[in-house]
Amino acid sequence: MNPESLMMTHGYKPELSEGAIKPPVFQTSTFVFKTAEAGKAFFEVAYGLREKADQEELGLIYSRINNPNLEILEDRLSLWDKAEQCAVFESGMSAISTVMLEFLKPGDLLLYSRPTYGGTDHFINHFLKEIGVEAIGFRPDQDEADIAKLLDESGKAHKLSLIYIETPANPTNELIDIAMCRRLADRYSRSDKKVHLATDNTYMGPLWCSPLEHGADIVIYSATKYLGGHSDLIAGAVLGYAAVMQRIKVLRTFLGNMASPHTCWLLLRSLETLKVRMEQQAHTAERVAAYLKTHPKILKVHYLGCLAEGSEAYALYKRQYTSPGAMIAFEVKGKEAEAFKFLNSLKLVKLAVSLGSTESLGQHPATMTHVGLDPEMKEFMGINERLVRLSVGLEHEEDLIADIENALSLV
């Protein structure tokens with residue numbers, strides 16, 4: 001069956017919960033073992049001391065390790081990406097940082113795409129740098145040969161341990177070729193050290209792109225966004241193959257940054273409407289982008305549905321995605337003052353960071369989500385003072401366009 005059908009029931013047995021049609025919130029810290037032998041077996045698997053035997057399930061131990069709400073959610077999320085395992089975290093940044101801490105050690109090299117979310121960029125260029133992890137960033141307009149040259153000329157290619165990409169890029173919607181990055185990961189892997197490829201798929205959600213099918217080892221989401229989609233929770237998720245995910249889950253156990261039972265319960269509710277929400281948001285975004293593209297006060301629209309047919313970016317878009325998504329960035333004629341005037345004049349669209357929720361949100365990346373970047377780096381990555389980012393929600397398309405039209409008339 002299709003994932004949207006299984007979101008209602010998969011992984012949950014009503015007979016274990018008094019017949020409740022939906023999973024209750026398992027608000028408990030610990031679980032009772034039937035025997036001491038069972039407890040021993042559960043801990044051996046949870047701590048990575050041995051692999052699970054065939055047909056063996058990891059028993060419930062302690063809610064820092066596992067919880068029914070967490071397990072049901074992870075089972076359901078795995079369906080969308082056709083992943084072997086999933087790990088859910090208390091935030092998107094905790095998911096990102098846990099992956100990086102597991103696969104990067106002092107002296108290692110990280111290759112990553114730029115632009116990327118401001119929090120991720122800060123973690124890479126400040127925290128990781130301070131613990132001795134070096135990083136090399138590359139732009140979407142650099143091809144495989146250019147990136148290989150960057151690595152080779154750095155003299156550090158032999159230290160490469162992880163490639164981390166965000167595609168489409170936040171906030172410019174530029175694309176990175178996942179298959180190309182897979183080839184680079186394989187090229188620099190050694191018999192004693194595999195280079196892993198992690199892809200932040202938050203902009204596309206699990207509906208419009210399946211990074212594992214294009215060669216990624218790890219898929220990361222800010223589950224706050226489309227997966228949650230109601231601006232009422234903070235969460236993150238990591239998905240991938242069993243061997244990789246076991247490492248991530250063991251580290252999560254000791255960092256203690258798994259999602260709470262209540263957060264998982266909220267996400268389970270949201271997953272039931274994920275497809276209909278995302279499809280409607282994408283439909284509305286196409287109409288909004290078409291309006292913006294012809295407006296005299298808009299210099300440029302950064303949206304996958306506006307890519308020129310026949311271009312390399314368009315070919316990559318058609319190969320890697322099934323929809324242009326619901327994220328639009330655009331440049332207002334003028335400078336920061338004009339961009340601020342536009343944002344301050346919006347009524348229906350709310351001025352707030354985040355994305356992928358039921359309400360439409362607008363923000364100014366250069367002074368908000370990406371404020372921590374050096375001015376020269378922001379300009380280099382196309383995050384200029386004219387740029388506005390819009391996350392399209394579930395409002396009626398005519399109302400959204402009218403709100404934008406009114407705000408632009410005041411600029």
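A residue counts as buried under 20% relative accessible area, as exposed over 50%, and as partly exposed in between (1.4 Å probe, protein chains only). The model is predicted: local features need pLDDT of at least 70, side-chain atom pairs count only at pLDDT 80 or more, and totals for chains, interfaces and linings use all residues. Residues are numbered from 1 along each chain as its sequence is written, and side-chain values use heavy atoms, with hydrogens and water left out.

**Exercise 1.** Classify Phe43 and Tyr47 by accessibility, then classify their ring pair.

Solution. 
- Step 1. Phe43 has 33% relative accessibility, so Phe43 is partly exposed.
- Step 2. Tyr47, at 31%, is partly exposed.
- Step 3. Rings of Phe, Tyr and Trp (its six-membered ring) pair if their centres lie within 6.5 Å; planes under 30 degrees apart are stacked, over 60 edge-to-face, and the rest tilted.
- Step 4. The ring centres of Phe43 and Tyr47 are 5.8 Å apart and the planes stand at 45 degrees, so this pair is tilted.

**Exercise 2.** Describe the pair of Phe33 and Phe42, and name the cluster that holds these rings.

Solution. 
- Step 1. The centres of Phe33 and Phe42 are 5.8 Å apart, with 70 degrees between the planes; the pair is edge-to-face.
- Step 2. Phe33 has a relative accessible area of 30% and is therefore partly exposed.
- Step 3. Ring pairs join Phe33, Phe42, Phe43, Tyr47 and Phe254 in a cluster.
- Step 4. The structure has nine aromatic pairs.

**Exercise 3.** Is Gln281 buried or exposed, and which backbone oxygens does its side chain reach?

Solution. 
- Step 1. The relative accessible area of Gln281 is 1%, so Gln281 is buried.
- Step 2. A polar atom of the Gln281 side chain lies 2.9 Å from the backbone oxygen of Ser357, and the side chain also reaches the backbone oxygen of Val392, at 3.1 Å.
- Step 3. Leaving out residues up to four places away in sequence, Gln281 touches (heavy atoms within 4.5 Å) Tyr226, Ala326, Gly356, Ser357, Val392, Gly393 and Leu394.

Definitions and conventions
Polar contact = N/O pair within 3.5 Å; in protein donor to acceptor, adjacent residues only side chain to side chain.
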